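User: I am new to this structure and would be grateful for a guided introduction in the form of questions and answers.

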Amino acid sequence: MLCVVPCFGFFMNQHTFRNMKEDYTARKLAAMRALPITVKQIAGGRLLSAMFLLVPVWLYFFVLMYLLSGWFREKSWDQLLNYALFWLGYAVFMSVVYLIMEFGLTGRHYFLLCFGCLPVFVVVVLLYRLFGQSLVGDLLTAAGAGNWWPTLGSMLAAAASVAWGIRLLIRIVARRSLLG
């Protein structure tokens, strides 16, 4: 969940996978900077496209989880919504982080940093397991008990990351080298 959910807001196509070699993001930004649009519109458009992709895929994912998982069918709608909204907040937060990395780094550095995040996720999960806990299990238990605090925290983190992230994206796009 830590690795997959944030990827819902990103296209997986040939350009994405060639970004390491060709720095497609720099070329795309160069083409957009040549258009009569502002840096703010470029950054806002990229954030909006990520969110417009993330939300339907998130919804599809959790509808499938509901249909395929016995836990969800035996819980109430507010418990299901609690759990799903936690992951939406997390996905939005991490998507903004990934967008900042995408626009702020060269294709090679972005690729390496994304793969560098994987060991961090593994360490977080292993630390949870070391202390006899389970991140997903604890969230399911909290949602089942009607505890909305984790969800509130993730939604606040998502809102803060969008508000802060758009400003940072604008500065990054304005200063980014378009040579790759």
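This is a predicted model: local features need pLDDT of at least 70, side-chain atom pairs count only at pLDDT 80 or more; totals for chains, interfaces and linings use all residues.

User: What percentage of the residues in the protein is buried?
Analyst: Buried means under 20% relative accessible area, exposed over 50%, and partly exposed in between, with a 1.4 Å probe and protein chains only. The C-alpha atoms fill a box of roughly 55 × 30 × 30 Å along the principal axes. Of the 180 residues in the protein, the buried share is 36%.

User: Which side chains meet in a salt bridge?
Analyst: A salt bridge is a side-chain nitrogen of Lys or Arg within 4 Å of a carboxyl oxygen of Asp or Glu. The structure holds one salt bridge, with an N to O distance of 3.2 Å between Arg46 and Glu102. This pair links distant parts of the chain, 56 residues apart, with Arg46 in helix H3 and Glu102 in helix H5 (residues 77-104). Both residues are buried, and the side chains that meet are those of Arg46 and Glu102.

User: Are H3 and H8 parallel, perpendicular or oblique to each other?
Analyst: Axes are lines fitted to C-alpha atoms, for helices over the stretch in contact, and angles run from 0 to 180 degrees between N-to-C directions. Angles under 35 degrees count as roughly parallel, over 145 as roughly antiparallel, 65 to 115 as roughly perpendicular and the rest as oblique. H3 and helix H8 (residues 149-175) pack with axes 8 Å apart, at an angle of about 130°. H3 and H8 are therefore oblique.

User: Is the crossing of H5 and H7 left-handed or right-handed?
Analyst: A crossing is left-handed if the near helix is turned anticlockwise from the far one by less than a right angle, and right-handed if clockwise. H5 packs against helix H7 (residues 135-144) at about 140°, with 8 Å between the axes. The crossing of H5 and H7 is right-handed.

User: Is Leu68 buried or exposed?
Analyst: Leu68 is placed in helix H3 (residues 39-68). Its relative accessibility is 71%, so Leu68 counts as exposed.

User: What is the accessible area of the nonpolar patch that includes Leu68?
Analyst: Patches are made of residues with over 30% relative accessible area and no salt bridge, joining like charges within 9 Å and nonpolar side chains (Val, Leu, Ile, Met, Phe, Trp, Tyr) within 5 Å. Accessible areas come from the Shrake-Rupley method with a 1.4 Å probe, and for residues only the protein chains shown count as cover. The surface patch consists of Leu59, Tyr60, Val63, Leu64, Leu67 and Leu68, and their accessible area together is about 630 Å².

User: How far apart in space are Ala26 and Val173?
Analyst: Ala26 is found in helix H2 (residues 24-33), and its 1% relative accessibility makes Ala26 buried. In sequence, Ala26 and Val173 are 147 residues apart, whereas from C-alpha to C-alpha the separation is 9.6 Å.

Notes:
Residues are numbered from 1 along each chain as its sequence is written. Side-chain values use heavy atoms; hydrogens and water are left out. Helices (H or I, at least four residues) and strands (E, at least two) are DSSP runs, numbered from the N terminus.
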